[in-house]
Amino acid sequence: MSFIENIDYELNFDFSRHTTYGLGGKAGIAYYPKNFEEVKAVINYLKHIKKDYVILGNGSNILASDKYFNGAVISTKNLNSIEIKNESIICGSGVKVYEFLKFCIKYGAVGYEYLAGIPATLGGITYMNGGVPRRHIGDDIVNVWIFDGKIRKLTNQNCNFGNKYSTMRDISACILQIELPFFRSESQVVRQNIKNYLLSRKNQPTGRSCGCVFKNSINYSAGKLIDECGLKGFSIGNAYVSHKHANFIINNGGSAQNVFNIISFIKRKVYEKTGILLEEEVVYIGEFDDFNG
């Protein structure tokens with residue numbers, strides 16, 4: 001494969017080194033664009049040569065197949081600028097949540113402490129409309145810049161934020177940048193608020209996971225349904241349903257296929273017991289074998 005001049009790349013990209021599950025096979029190449037124009041160049045090039053590609057942030061809500069991915073990865077890692085401009089915070093999509101919160105402490109930007117402890121990038125959490133039960137990033141976003149064949153700015157309304165959903169989940173687009181309002185406070189207030197949120201999350205399961213696997217609904221808690229099916233501790237290979245929180249699947253040296261099989265088993269068992277078909281939060285990359293167990 002030929003390379004695009006002056007754009008950073010990596011051969012033999014290993015998903016297991018770039019996802020919070022620590023799982024997945026390899027891809028032939030990953031690109032690391034540093035700005036809007038480089039994103040545009042990479043995507044246009046890959047489309048021109050008819051090469052599949054995936055966008056990857058921090059890999060915190062990803063289950064990548066153990067099999068070789070016959071496509072390219074576009075990492076947002078280097079889209080990491082962050083600044084205050086006209087009473088707004090402008091963040092590159094590759095800015096990690098903990099880096100964003102360090103910025104908030106430094107400049108006394110209050111209101112985003114609820115993101116503390118979420119191992120995502122701003123682009124990834126925007127794509128998923130992530131957050132906590134009481135608040136999600138879509139409640140705060142002003143504008144999102146994307147590339148979907150051209151560079152466009154979407155207003156909050158255009159993003160159609162919903163339950164772990166945004167328009168970006170349904171279109172072939174790369175999130176480039178996010179605009180959030182800048183609410184000024186004192187650094188020590190922001191720091192203390194972050195500590196409080198981290199304290200509230202201290203009972204979250206430990207171990208390698210993607211966080212919650214399934215979406216909750218206003219009508220049910222996915223974790224409660226899974227627990228009521230007696231599936232806490234259920235394992236396949238070296239992956240298992242957390243004993244602490246049934247909506248977490250922990251990788252303890254297993255494979256991505258193990259995790260996929262547990263997800264399939266949970267969906268079937270919950271549906272058989274309740275008639276509810278759980279919907280995944282986790283995003284799949286690559287091909288998995290069907291589970292018939």
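Buried, in what follows, means under 20% relative accessible area, exposed means over 50%, and partly exposed is anything in between (1.4 Å probe, protein chains only). The model is a predicted one, so local features need pLDDT of at least 70 and side-chain atom pairs count only at pLDDT 80 or more, while totals for chains, interfaces and linings use all residues. Residues are numbered from 1 along each chain as its sequence is written, and side-chain values use heavy atoms, with hydrogens and water left out.

Aromatic rings come up to start with. A pair of rings is described by the distance of the centres and the angle of the planes. Here, rings of Phe, Tyr and Trp (its six-membered ring) pair if their centres lie within 6.5 Å; planes under 30 degrees apart are called stacked, over 60 edge-to-face, and the rest tilted. Searching the whole structure this way turns up nine aromatic pairs. One of them is Phe103 with Tyr107: the ring centres sit 4.6 Å apart and the planes make 40 degrees, so this pair is tilted. Both residues belong to helix 2 (residues 97-107), where they are four residues apart, about one turn of the helix. (Helices, H or I with at least four residues, and strands, E with at least two, are DSSP runs numbered from the N terminus.) Phe103 is buried at 11% relative accessible area, whereas Tyr107, at 37%, is partly exposed.

Phe260 and Phe288 make another pair, with centres 4.7 Å apart and planes at 10 degrees, so this one is stacked. Distant parts of the chain are linked here: Phe260 is in helix 7 (residues 256-274) and Phe288 in the segment after strand 16 (283-285), 28 residues apart. Both Phe260 and Phe288 are buried. Elsewhere, ring pairs join Phe13, Phe15 and Phe69 into a cluster.

Strands of a sheet pair through backbone hydrogen bonds, either parallel or antiparallel; two strands are taken as paired if DSSP finds at least two bridges between them. Four strands make up an open sheet in the order 1-2-5-3, with mixed pairing. Its edges are strand 1 (8-14) and strand 3 (53-56), each pairing on one side only. Strand 1 and strand 2 (residues 26-32) run antiparallel and are joined by six bridges.

That leaves the charged side chains. A salt bridge is a side-chain nitrogen of Lys or Arg within 4 Å of a carboxyl oxygen of Asp or Glu, and by this rule there are 13 salt bridges. Asp289 and Lys67 form one of them (2.8 Å, N to O). Asp289 is in the segment after strand 16 and Lys67 in the loop between strand 4 (62-64) and strand 5 (69-75), so the bridge ties together parts that are 222 residues apart in sequence. Asp289 is partly exposed at 41% relative accessibility, and Lys67 is partly exposed too, at 37%.

Lys232 and Asp227 form another salt bridge (3.6 Å, N to O); Lys232 is partly exposed at 31%, as is Asp227 at 35%. Lys267 also meets Glu280 in a salt bridge (3.1 Å, N to O). Lys267 lies in helix 7 and Glu280 in the loop between helix 7 and strand 16, so parts 13 residues apart in sequence are tied together. Glu280 counts as buried, at 15% relative accessibility. Finally, Arg268, Lys269 and Glu272 are linked in a salt-bridge network.
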